[in-house]
Amino acid sequence: MPFSLKPPAIKRCFNLEDFRRQAKRKLPAPLFHYIDGGADDEITRINNTEAFNNYQIVPRCLEDVTTINMKTRVLGCELDWPVLMSPTGMSRFFHHEGERAVARAAAQSGTMYSLSTVATTTIEDVAAATSGPKMFQLYVLRDHAINDELIERCRAAKYDALCLTVDTVVQGNRERDLRTGMTIPPQLSLQSLASFALHPAWCYHYLRTPALEMANLSHHIAEGSSQVSSLGKYINEQFDRALNWAYAEKVTARWQGPFAIKGILSIEDARRAADIGATAVIISNHGGRQLDTVPAPIDLVAEIADALGDKLEIILDGGVRRGTHVLKALAMGANACMMGRPYLYGLAAGGQAGVERVLGLLKSEIERDMILSGRADLNKIDRSFIRGLLQPNQ
């Protein structure tokens, strides 16, 4: 039997749901549910994935699929395949290798990594860890000087793109976190504390590695208050409810590079994004973690693509769990997809090796699905690729 450096647990994961189950075993319950949960009744979280089942693939036969081309260009970067890493906060909560592990895995896979404002690793340290394509995700804070500082740090660190998230001016009602006590400040129940005690490997690495903090913002609050709970309270208080299109346009002008607006769910807002000079819109409901019962991103791609034409790039964010999901989004008119939870499951399950396996499995699925559907090139995937209950232009 050939020797493998990969932990046996991740070798036994053959799809993204397997990684979800493995992450549930590896993490204390409050941390797993923080990744896994959504807002209110979690209708949107569930529907983000289930909505892909409304569309069926129509394969073509007797096509030469000897060579498969998955390469694409998104946000000014040449990528080997059309799935980007969504920005996710506090990655070191889920594995001590944190954001660096995900960024390295993304670069190794030939795609773009997105670093969150509330990351546990600095803009500069992620830039030093990998030369792969990188985007920074900006939360607009009431102290606009901080926003400007973050943008300039990204420019100095040679990030390729900037992403403005617009759907979090207040945090959604995440009831799983309320039940487990994964709040700011934490209010862990006895059951939650017992869950940490039952995961000694996680506790060992937590105690052996530097204290968790929101690394890009910790210097903006009082000395000695850099712990996560203090910073989290600070961030929640700093979310700017006055965020508007005029300020988004100022961010675009200040950055002067590939720029995406994340959290778009309507044709009207997509048009406004194009008007202020955005390069891309990311159709996203924040993984169902903000406002519940909003549409699944896959159900919006076609109408936004039809309305916007070539004015900007369209990226779907939400619910992607299979290669067929990615291809259905591209057929609707998306230029690429993003995913967040799946790579966090991989990170929790096995660090960088876990993320690499998640990306490898999904990338292989896309290639195999292209072969089986008779499409050798991403450019040949159009509306003829799909039919279904909600088929566009029908």
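**Figure 1. R100 is partly exposed, at a relative accessible area of 29%.** The model is predicted: local features need pLDDT of at least 70, side-chain atom pairs count only at pLDDT 80 or more, and totals for chains, interfaces and linings use all residues. Residues are numbered from 1 along each chain as its sequence is written, and side-chain values use heavy atoms, leaving out hydrogens and water. Buried means under 20% relative accessible area, exposed means over 50%, and partly exposed lies in between (1.4 Å probe, protein chains only). D125 is also partly exposed, at 32%. The side chains of R100 and D125 form a salt bridge, N to O at 3.2 Å. R100 sits in helix α5 (residues 98-109) and D125 in helix α6 (residues 123-129), so the pair ties together parts 25 residues apart in sequence.

**Figure 2. One network of salt bridges with shared partners joins E17, D18, R20, R21, D36, E42, R45 and R176.** A salt bridge here is a side-chain nitrogen of Lys or Arg within 4 Å of a carboxyl oxygen of Asp or Glu. The structure holds 19 of them.

**Figure 3. D18 and R21 meet in a salt bridge.** Their N to O distance is 2.4 Å. Both residues belong to helix α2 (residues 16-26). They are three residues apart, which means a separation of about one helical turn. D18 is buried, at 15% relative accessibility. R21 is partly exposed, with a relative accessible area of 40%.

**Figure 4. E42 and R176 pair through their side chains in a salt bridge of 2.9 Å, N to O.** This pair links distant parts of the chain, 134 residues apart. E42 lies in the loop between α3 (29-36) and α4 (43-50), while R176 lies in helix α8 (residues 175-180). Both partners count as buried: E42 has a relative accessible area of 8%, and R176 has 18% relative accessibility.

**Figure 5. Helix α7 runs over residues 144-156.** Its 13 residues should span 18 Å at 1.5 Å a residue. The end C-alpha atoms are 19 Å apart, which agrees. Buried residues of α7 are I146, N147, L150, I151, R153 and C154. They cover an arc of only 160° around the axis, so they lie on the same side of α7. That arc is taken from the directions from the helix axis to the C-beta atoms. The face turned away from the buried side carries the exposed residues A145 and A156. K158 follows α7, with a positive phi near 65°.

**Figure 6. The protein chain has 16 helices and 12 strands.** Helices (H or I, at least four residues) and strands (E, at least two) are DSSP runs, numbered from the N terminus. The C-alpha atoms fill a box of roughly 65 × 60 × 40 Å along the principal axes. A compact globule of 394 residues would have a radius of gyration near 21 Å; the chain has 20 Å, which agrees. This radius is taken over C-alpha atoms, and the globule rule is 2.2 Å times the number of residues to the power 0.38. Buried residues make up 56% of the 394. Among contacts between residues at least 6 apart in sequence, 73% join residues at least 24 apart. A contact means heavy atoms within 4.5 Å.

Definitions and conventions:
The expected span of a helix is 1.5 Å times one less than its number of residues.
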